[in-house]
Amino acid sequence: MSNKTTGHDSPERRKVSILDLAGRKSQGKLITMLTAYDYSSALLVDNASIDIVLVGDSLGMVMLGLDSTVPVTMDDMLHHCRAVARGARIAFLVGDMPFMSYQADIAEGIRNAGRFLKEGMMEAVKLEGGREVAGTVRAIVDAGIPVMGHIGLTPQSVSKLGGYKVQGKTAKDASRLLEDAIILEDTGCFSIVLEAVPEPVAEIISRRLHIPTIGIGAGAKCDGQVLVYHDLVGLFDRFTPRFVKQYANAGQIIQDALTTFADEVHKGDFPSAEHTYAIDDTELDSFLKSLES
Ligand code: KIV
C-alpha cells in the first residue's frame, strides 16, 4: 500500500507512509497535518498535498455542535473516518480515539484501535496522555497498529486541567512533559502531538526525540504543524485560540451564497432559463390537448 501511486490527483503523487514521516524528520523536512471529517473536506486537504489527515475528535465541536470532545463516541468517529478515507487517498490517515474508548481497559483499547483500521479505514490511531497511557500504547503497537501520542493540552481531560490552558509553563511541568514524551517514544509511538506548549519547551522535546513532533500552539520549532480544518478556513466561530491562523473566511463566503439564494427565490429570479429543463413544443402541445379532452 505504501508504494502505491493512487492517480487520485496527479499520477506522480505517492501514498504517504509511516516511513515517509520518519524520513521527513531525519531529512529536516517539516510535516503538514490537518483535520478532516468528511469526503469533501478530505478531498480538498488531500489535493493540498498535506502529509497527514487526522479525523480528530474535535469533530464533536465543529461538526456535531457539542461543547467539548468528551461526549464523542466510537460510532461518531468511525462514521466520519470512513467518509474521510474515501476522499483522502494520498495522505497518511490517523483516527482519534474518543474519550473512554481506551482509558478503562487495555484490551478494550486494543479492540477499539483495531476498529479504526478495520471499519474506519484508518492507518493509525491517536490517543491522549503521557505515562498513564504507556501500557495501552505499547499493547496497541504490539497489536500492529501505529500510535500517535498527544500531550500538553489534552482536551479530553479538560475538567482535570481546569480549562483549555497552556501546559508546561513551570520548570516542573516542562520536565514532566519531556519525560512523558520520552516514555511515549520508548513505548512505540511513531509521532507525538504537542498542544498548547511554550515554544522553547516544545523545541527541547522535539530535539530530544527521534520521532517527529507535530505542534498545535507549540511554536515553530516542532517537526510539523497541525490545525483544525474549520479554524483554518473560517468555518467555526464559537472561539478561536491564539494559535489559530485563519487563512480564509469560507464561513462568510458560504453565508453570502445562502442568503443570495434565499433572496433570488423570493424575488423569482431563481431558477432562470439556464437552470431549467425544456420540453419539445409538439410534445407539450399534445400533452395540453390530452388535458382538454
Ligand atoms: O481532535 C483534534 O482535532 C486534535 C488536534 C487538535 C490535534 O486532536
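Let me start at Ala-42, which sits in helix 2, residues 39–47. Helices here are DSSP runs of H or I with at least four residues, strands are runs of E with at least two, and both are numbered from the N terminus. This is a predicted model, where local features need pLDDT of at least 70, side-chain atom pairs count only at pLDDT 80 or more, and totals for chains, interfaces and linings use all residues. Residues are numbered from 1 along each chain as its sequence is written, and side-chain values use heavy atoms, with hydrogens and water left out.

Is Ala-42 buried or exposed? Ala-42 is buried, because its relative accessibility is 0%. The cut-offs are under 20% relative accessible area for buried, over 50% for exposed, and partly exposed in between, with a 1.4 Å probe and protein chains only. What does Ala-42 touch? Leaving out residues up to four places away in sequence, Ala-42 touches Ala-36, Val-84, Gly-87 and Ala-88. A contact means heavy atoms within 4.5 Å.

Two of those partners, Val-84 and Gly-87, come up again in the meeting of helix 2 with helix 4. From helix 2 we have Tyr-39, Ala-42, Leu-43 and Asp-46. From helix 4 we have Ala-83, Val-84, Arg-86 and Gly-87. The two axes come within 7 Å and cross at roughly 40 degrees. That makes helix 2 oblique to helix 4. For the angle classes, under 35 degrees is roughly parallel, over 145 roughly antiparallel, 65 to 115 roughly perpendicular, and the rest oblique. Axes are lines fitted to C-alpha atoms, for helices over the stretch in contact, and angles run from 0 to 180 degrees between N-to-C directions. The crossing of helix 2 and helix 4 is right-handed.

Now the whole chain. It has twelve helices and eight strands. The C-alpha trace spans about 90 × 40 × 40 Å along its principal axes. Of the 293 residues, 47% count as buried. Take the contacts with a separation of 6 or more: 59% of them are between residues 24 or more positions apart.

Next, helix 5. Its 13 residues, 106–118, should span 18 Å at 1.5 Å a residue, and the end C-alpha atoms are 18 Å apart, so the two agree. The expected span is 1.5 Å times one less than the number of residues. Which residues of helix 5 are buried? They are Gly-109, Asn-112, Ala-113, Gly-114 and Phe-116. These pack against helix 4 (74–87), strand 3 (92–96), strand 4 (124–126) and helix 6 (134–142).

Helix 6 deserves a look of its own. Its buried residues include Ala-134, Thr-136, Val-137, Ala-139 and Ile-140. The cover over its buried residues includes helix 5, strand 4, strand 5 (147–152) and helix 8 (171–186). Helix 5 and helix 6 pack at about 45 degrees, with axes 9 Å apart. That makes helix 5 oblique to helix 6. This crossing is right-handed. Ile-106, Gly-109, Ile-110 and Ala-113 in helix 5 meet Gly-135, Thr-136, Ala-139 and Ile-140 in helix 6. Why such spacing? An α-helix has 3.6 residues a turn, so residues three or four places apart point the same way. After helix 6 comes Gly-144, with a positive phi near 95 degrees.

Met-121 is not a glycine, yet its phi is positive, about 60 degrees. Met-121 is in the loop between helix 5 and strand 4. Met-121 is partly exposed, because its relative accessible area is 47%. Ala-196 also has a positive phi, near 50 degrees. Ala-196 is in the loop between strand 6 (191–195) and helix 9. Ala-196 is buried, because its relative accessible area is 6%. Then there is a cis peptide bond between Phe-270 and Pro-271, with omega about 0 degrees.Last, Ser-206, in helix 9, residues 199–208. Ser-206 is buried, with a relative accessible area of 4%. Its side chain makes a 2.7 Å polar contact with the side chain of Thr-213. A polar contact is a pair of N or O atoms within 3.5 Å; within protein, one must be able to donate a hydrogen and the other to accept it, and residues adjacent in sequence count only if both atoms are side-chain atoms. A polar atom of the Ser-206 side chain also lies 2.7 Å from the backbone oxygen of Ala-202.

How values were computed: A crossing is left-handed if the near helix is turned anticlockwise from the far one by less than a right angle, and right-handed if clockwise.
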